[in-house]
Amino acid sequence: MSNEDNLYPPVEPIAAGIKGRCPRCGQGALFNGYLKVAKRCDTCELDYSFADSGDGPVVFVLLLDGFIVTALALWAEVSYQFPLWLHFIIWIPLAIVLGLIMTRWMKGILITLQYKHKAASGQLDKRGRE
């Protein structure tokens, strides 16, 4: 932790990520738009250039979203035997909305955890291999 980080109270990374808040101060916005990460915090001026969540949140969200919607659709079919058109009206919008909501949450969580643990791009250590 740098001396500048000591000026701010500790921030719970999961809560800050879900709310889309700065990982250092917990006040400023993490996103500029719905999924685009801002350049810096408008409160504490933390530079967000370190933030690279990659495709991790999207892959996790697609798997989780697919599992939830498929399980609910199967349960509804077995319990109530909805017509096919009703399944389309219910489950396609639910999958889209749930996916969008969870993608923002997961992206925020991964970025705040990346900041907390000072994660950086992987590098190979070649010192011991020669």
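Which element gives the largest share of the nonpolar patch? Helix α3 does, with eight residues. The model discussed here is predicted.

**Surface patch**

The patch covers about 1000 Å² of nonpolar surface. Its members are Ile 14, Ile 18, Tyr 34, Leu 84, Phe 88, Ile 92, Ile 96, Val 97, Leu 100, Ile 101 and Trp 105. Two elements give two or more residues to the patch: α1 (13-19) and α3 (84-116).

| Residue | Relative accessibility | Class |
|---|---|---|
| Phe 88 | 47% | partly exposed |
| Thr 103 | 13% | buried |

Phe 88 is one of the patch residues. At 47%, Phe 88 falls between the 20% and 50% limits, so this residue counts as partly exposed. Thr 103, at 13%, is under 20% and therefore buried. Beyond its neighbours within four places in sequence, Thr 103 is in contact with Leu 35, Pro 57, Val 58 and Val 61.

**Nonpolar core**

Nonpolar side chains tend to be buried together in soluble globular proteins. Here the largest nonpolar core has twelve residues. They are Cys 22, Cys 25, Leu 30, Phe 31, Ala 38, Cys 41, Cys 44, Leu 46, Tyr 48, Ala 51, Ile 111 and Tyr 115.

What does Leu 30 touch, not counting residues up to four places away in sequence? Its partners include Ala 38, Tyr 48 and Ile 111, which are also listed in the core. Cys 22 is another core member that Leu 30 touches. Gly 20, Arg 21, Pro 23, Val 37, Gly 108 and Thr 112 are also among the residues touched by Leu 30.

Terms used:
Residues numbered from 1 in each chain as written. Predicted model: local features only at pLDDT ≥ 70, side-chain atom pairs only at ≥ 80, totals over all residues. Heavy atoms only, no water. Patch = residues over 30% accessible without salt bridge, like charges linked within 9 Å, V, L, I, M, F, W, Y side chains within 5 Å. Areas by Shrake-Rupley, 256 points an atom, 1.4 Å probe, with all protein chains shown as cover. Salt bridge = Lys/Arg side-chain N within 4 Å of Asp/Glu carboxyl O. Helix = DSSP H or I, 4+ residues; strand = E, 2+ residues; numbered from the N terminus. Buried < 20%, exposed > 50% of the residue type's maximum accessible area, 1.4 Å probe, protein only. Core = buried A, V, L, I, M, F, W, Y, C linked by side-chain atoms within 4.5 Å. Contact = heavy atoms within 4.5 Å.
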